[in-house]
Structure formats: C-alpha cells, structure tokens
Amino acid sequence: MFETAITKLFGVRYPIVVGAMMNLSCAEMVAAASNAGALGILASSNFPTGEQFRDELRRLRDMTDRPFAVNLNFFPSRRPVDNRDYLDILSDEGVKIIETSGHKAPEDLARQIKKAGIVLVHKCVGVRYALKAQSIGADAVTVVGYENGGATGALDITTLCLVPRVVDALDVPVIGGGGVADGRGFLAVLALGAQGVIMGTPFLAAEECPIHTNLKKALLDATELDTMIVMRSIQNSHRVWVNETARKVAELDASHAGLQEIVQMASGNRARKMYQEGDLNAGVMACGQGVGLVRKIRPMKDIIEEIVHEADDLRRKLACL
Ligand SMILES: Cc1cc2nc3c(=O)[nH]c(=O)nc-3n(C[C@H](O)[C@H](O)[C@H](O)COP(=O)(O)O)c2cc1C
C-alpha cells in the first residue's frame with residue numbers, strides 16, 4: 001500500500017516519516033515509529049555527549065530491526081554538539097540514513113555522509129534551500145510548510161504551495177509535510193507530488209511520546225488557533241503551542257529583548273520540566289496547526305495505520321468521482 005520512491009529508498013512499509021523532535025525522539029519513540037512501518041528519526045541533539053548518543057543508538061537497535069534515521073541539527077543552540085563527532089559515531093554504528101535540518105544545508109558534512117555510503121535527507125522550508133540540498137548530494141529532500149510544529153524559517157510558505165513547487169524543481173524524491181494529521185492530509189501531500197509525508201505534531205499524542213499526560217490532554221483540547229510563531233526577532237522562528245511561556249517569548253520578541261533572554265525563556269530545560277512534570281506553563285513546546293485534528297491518545301501504530309487506511313479508502317472514493 002502506497003509504495004513510492006521513498007519507501008524504496010528507506011526500505012520502509014509506508015511513506016511516512018515521524019519527524020525528529022527535540023527532547024522527545026528517544027529510542028522508545030523512534031522504535032515505535034519504525035516498528036509501525038514508518039521511518040522513525042532519533043534526534044541526536046537530545047544527547048549532550050557522544051557516549052550518551054552511542055548508548056542510545058545501541059538501545060534503539062535492541063528495540064527495532066527496522067530502518068530508522070538520525071537527525072543532525074544545525075539550528076542555533078545553547079548547548080551545541082559537534083556534528084562531525086556525531087557523524088563518526090553514526091558511521092561506526094552502521095546507521096544507514098541521516099536527516100540534517102537547520103538554516104543551511106551542511107556542505108562539508110554532506111560530502112562525508114555520502115562518502116560513508118549513508119543516505120542523506122535534508123529538511124528545509126523553501127525551493128532554493130531544497131535545490132541547494134539536492135546540489136550537495138541529498139538523496140531526498142523534506143520540505144515543510146509553515147503550518148508545521150517547530151522551525152518555520154522566514155519564508156512563511158504553506159504546505160499546499162511549497163510541496164508542488166519543490167516537486168517541480170527537484171529530481172530527487174520529495175517528502176512533504178506541515179499540518180498533516182490524518183489520512184486526508186497524507187493523501188493530499190502525495191497528490192501534490194511528494195513521495196513521502198512527514199508528521200510530528202500528531203505523534204505528540206502517541207502513547208509512546210514521552211510527555212506528561214496533562215500535556216497530551218491539553219493538546220486534545222487545542223484547535224488550529226492554539227499555535228503561534230515565536231523567536232522571529234532572533235531569526236529562529238518556531239511554531240509553538242500557545243501557553244503563558246510562549247506569550248512571554250512573544251513579548252520578548254516584540255521588545256527586541258535579544259538572543260540570551262529569548263533563548264533562556266524558550267530553553268530545553270524549561271520544556272523538559274513541562275514534559276516531565278506536566279506543568280502546562282513551564283516551558284515552550286513546538287506544535288503545528290494540525291493539532292486541531294488530534295483527538296485521541298493512542299499507540300503510534302494505531303495512529304499510523306488509521307492514517308494509511310483512511311487515505312486508502314479516500315483514494316478509492318476519489319477514483320469514483
Ligand atoms: C515538539 C516538536 C519538536 C521538534 N523538534 C525538532 C527538532 O529538534 N529538529 C527538527 O529538525 N525538527 C523538529 N521538529 C519538526 C518535526 O520533525 C517535523 O518536521 C514537523 O513536526 C512536521 O510538521 P507537523 O508538526 O505539522 O506535523 C519538531 C516538531 C515538534 C512538534
């Protein structure tokens with residue numbers, strides 16, 4: 001069902017990518033995605049030392065024998081890791097797929113990734129960035145419209161407009177996303193010409209997602225109006241769930257408070273506190289507009305299978321029009 005260039009490139013059952021999520025995409029979450037037939041992506045930036053990163057990769061291997069990828073993050077961070085060291089670990093550990101994401105396609109690293117025979121996917125938010133990624137050897141390019149949770153970039157292009165533009169511009173397969181949360185969105189992105197679909201926000205409500213139940217329940221009540229873009233003033237725009245801390249970050253943006261103060265307020269430490277303790281206002285959480293379509297807390301496998309089956313039914317209905 002839905003065999004595409006992406007299912008073949010990654011060796012997965014469904015053309016679904018469960019996007020890397022800072023502080024959340026640990027071994028349990030990634031294994032749940034990969035075991036359900038999608039491509040799970042481990043977020044390397046969750047692990048401050050190479051040793052912890054290597055241990056997590058080994059834990060992940062114990063939990064799944066299905067394909068998975070690892071994300072190398074190039075966004076500004078208070079606690080940057082050296083991605084070259086992490087690449088060495090990935091090569092040693094025999095990881096077969098790497099996703100890079102960030103403000104610039106990493107040219108040097110791309111060369112090394114390709115030399116190591118690893119499949120490279122770069123995630124970005126615009127046609128020109130996608131072309132650049134292809135030119136440095138990406139085997140596939142992921143693009144997300146600014147409905148998406150997490151980094152939105154500065155271009156503010158919607159998924160409906162961005163995906164077909166990138167599909168037309170590129171020779172390599174495209175994975176599209178941003179605001180997709182059910183079978184309708186999934187099929188729509190394939191109809192736009194993408195060979196794969198990336199989702200993050202819908203999986204915040206997966207049983208395996210390591211956030212407090214208070215937060216999952218709050219997301220079930222949220223609508224498409226409950227997200228906002230913050231950190232534009234420091235060229236690090238992110239779409240997040242609206243809560244007290246997100247509003248404070250927006251105020252800091254408006255008053256041009258500066259990088260230190262803003263990043264402090266939107267820090268990973270605060271987010272981790274919120275995730276672990278369930279204090280809904282403790283930090284900032286990335287979240288896309290698709291949250292309005294998230295209605296149940298359930299296992300990752302059930303979410304993925306419902307999306308695929310809904311899309312399959314829908315394509316039959318559409319064929320009859
Ligand atoms: C809570 C959360 C954290 C995220 N963290 C990262 C990250 O660390 N690196 C990254 O490249 N993308 C990150 N993303 C983006 C996702 O990988 C994915 O591209 C996005 O969620 C897809 O759009 P959607 O949110 O509309 O489903 C994050 C998204 C969410 C919701």
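Reader: Which residues of α2 are buried?

Author: This is a predicted model, in which local features need pLDDT of at least 70, side-chain atom pairs count only at pLDDT 80 or more, and totals for chains, interfaces and linings use all residues. Residues are numbered from 1 along each chain as its sequence is written, and side-chain values use heavy atoms, with hydrogens and water left out. Helices (DSSP runs of H or I, at least four residues) and strands (E, at least two) are numbered from the N terminus; buried means under 20% relative accessible area with a 1.4 Å probe, protein chains only. In α2 (residues 27-35), 7 of the 9 residues are buried, and these are Ala-27, Met-29, Val-30, Ala-31, Ala-32, Ala-33 and Ser-34.

Reader: Which elements do the buried residues of α2 pack against?

Author: Packing here rests on contact, meaning heavy atoms within 4.5 Å. The buried residues of α2 pack against β1 (16-18), β2 (39-43), α3 (50-63), β3 and α13 (300-319).

Reader: What lies 2.7 Å from an oxygen atom of the ligand?

Author: A polar contact is a pair of N or O atoms within 3.5 Å. Gly-179 has a polar backbone atom 2.7 Å from a ligand oxygen. On the side-chain side, the answer is a polar atom of Ser-101.

Reader: How many residues of the shell around the ligand are nonpolar, polar and charged?

Author: Nonpolar covers Ala, Val, Leu, Ile, Met, Phe, Trp, Tyr, Cys and Pro; charged covers Asp, Glu, Lys and Arg; the others, Gly among them, are polar. The shell divides into 8 nonpolar, 10 polar and 1 charged.

Notes. A polar contact is a pair of N or O atoms within 3.5 Å; within protein, one must be able to donate a hydrogen and the other to accept it, and residues adjacent in sequence count only if both atoms are side-chain atoms. Buried means under 20% relative accessible area, exposed over 50%, partly exposed in between (1.4 Å probe, protein chains only).
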